[in-house]
Amino acid sequence: MCEFLKERYPGKTILAAGPQDDMDEVSDEQMKSAMALICDTSNGYRVDDQRYTMCRNIARIDHHIQVEDFGELDYVDADAPAAAEVAVEILRAHGEEIPASSAQHFLEALISDTQRFMLPSVRPSTFEAAAWLVSHGASVDLAQKHLYTRIREKYAYGGKVISKSVLKNKCLVAVMSRDDYLSCACPFEEAKNSVNLMAQIEGVEIWVLITQNLDGQHYQASVRSAGIVVEPLARAYGGGGHACACGIKNLDASTVSALIDDLAKLSLTQEA
Ligand SMILES: [Mn+2]
């Protein structure tokens, strides 16, 4: 989105805010005179740079179940499998063209958010968005390399996740400590994103990866399901996301065990 906006509006200052290494430095003064464009984020506290609240205007392009209203410029299509599909639809509806670098990023967002076009919410317009991006120079081969090349540390950590996974009813649970990932030299961000290793196991309805934060106190959970709606339960624990894929932050040891019990119960509710 950033590359597109830079090319489309060369007279404007377009900056990407957030804690990741390749993001821009944005001052408080810049924030105050800016319009914030938030993408793919269900609620305010998940926004990477919390100074977005200082901005003059706030806009959002999203596809999560709407739990917060971001105002007049809030565009949410909760049926879309990826925020990138929503963004591409807006661009196409306005007859915009995009540079290849932008198309590549959008395609990678589309592939990763739809889990390689495998989510049940994937629809014809998802592939139309992909086709449009490829016609603007995006490469699926490059996307595969960028998205699915794993660092060796994550590969080693994956073995630990698998060996610590336990089945409670029809819920597969892995609770990982800080030592688990630090001892593999696997960064926290990579560790908490390992939930897909637990996916598609016969007889498992819900799977949850719970990762201790670097503070050694709190935990983050990634909850996925094969069809049981987990979003209301995640919301009850302060998290959210999609019907079958949610994240929960800031759990402590006691809420972790309560969450596991609740998920284990919920995992038995799917009709055969
Ligand atoms: Mn998304």
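Two residues are taken to be in contact if their C-beta atoms, placed from the backbone, lie within 7 Å. The structure described here is a predicted model, in which local features need pLDDT of at least 70 and side-chain atom pairs count only at pLDDT 80 or more, while totals for chains, interfaces and linings use all residues. Residues are numbered from 1 along each chain as its sequence is written. Helices (H or I, at least four residues) and strands (E, at least two) are DSSP runs, numbered from the N terminus.

By the contact criterion, Val208 touches Cys171, Val173, Ala221, Ser222, Val223 and Leu263, when residues up to four places away in sequence are not counted. Val208 is also one of the residues that touch the most other members of the largest nonpolar core, together with Ile206, Ile210, Ala221 and Val223; this core comprises 30 residues. At least two core residues are supplied by each of α7 (152–164), β5 (171–176), β6 (206–212), β7 (219–225), β9 (245–251) and α11 (253–266). A second, separate core has 23 residues, including Phe4, Ala84, Ala103 and Leu110. A nonpolar core is here a set of buried Ala, Val, Leu, Ile, Met, Phe, Trp, Tyr and Cys residues joined through C-beta atoms within 7 Å. A residue is buried if 20 or more other C-beta atoms lie within 10 Å of its own, exposed if 12 or fewer, and partly exposed in between, with C-beta atoms placed from the backbone.

Helix packing was examined next. Axes are lines fitted to C-alpha atoms, for helices over the stretch in contact, and angles run from 0 to 180 degrees between N-to-C directions. The axes of helix α4 (residues 100–113) and helix α5 (residues 124–135) cross at roughly 150° and come within 9 Å. Helix α4 is therefore roughly antiparallel to α5; angles under 35 degrees count as roughly parallel, over 145 as roughly antiparallel, 65 to 115 as roughly perpendicular and the rest as oblique. The crossing of α4 and α5 is left-handed, a crossing being left-handed if the near helix is turned anticlockwise from the far one by less than a right angle, and right-handed if clockwise. Ala103, Phe106, Leu107 and Leu110 of α4 make this contact with Ala129, Ala130, Leu133 and Val134 of α5. The contact of α4 with α5 contains eight nonpolar, no polar and no charged residues, where Ala, Val, Leu, Ile, Met, Phe, Trp, Tyr, Cys and Pro count as nonpolar, Asp, Glu, Lys and Arg as charged, and the others, Gly among them, as polar.

Helix α4 also packs with helix α6 (residues 140–148), at an angle of about 60° and with the axes 10 Å apart. These two helices, α4 and α6, are therefore oblique to each other, and their crossing is right-handed. On the α4 side, Gln104, Leu107, Glu108, Ile111 and Ser112 meet Leu142, Ala143, His146 and Leu147 of α6. The contact of α4 with α6 is made up of five nonpolar, three polar and one charged residues.

Helix α5 has a further partner in helix α3 (residues 83–93), the two axes coming within 10 Å and crossing at roughly 65°. This makes α3 roughly perpendicular to α5. The crossing of α3 and α5 is left-handed. Glu85, Val88, Glu89 and Arg92 of α3 form the contact with Ser125, Thr126, Ala129, Trp132 and Leu133 of α5. By class, the contact of α3 with α5 has four nonpolar, two polar and three charged residues.

Several individual residues were also characterised. Asn169 lies in the loop between β4 (166–168) and β5 and is partly exposed, with 17 other C-beta atoms within 10 Å. Its C-alpha atom is separated by 6.8 Å from that of Leu268, although Asn169 and Leu268 are 99 residues apart along the chain. Beyond its neighbours within four places in sequence, Asn169 is in contact with Ala264, Ser267 and Leu268. Tyr75, placed in strand β3 (residues 73–76), counts as partly exposed, with 15 C-beta neighbours inside 10 Å. Tyr75 touches Arg60, Ile61, Val86 and Ile90, not counting residues up to four places away in sequence.

Most residues other than glycine have a negative phi. Phe117, which is not a glycine, has a positive phi of about 65°; Phe117 is found in the loop between α4 and α5. Asn250, in strand β9, likewise has a positive phi, near 60°.
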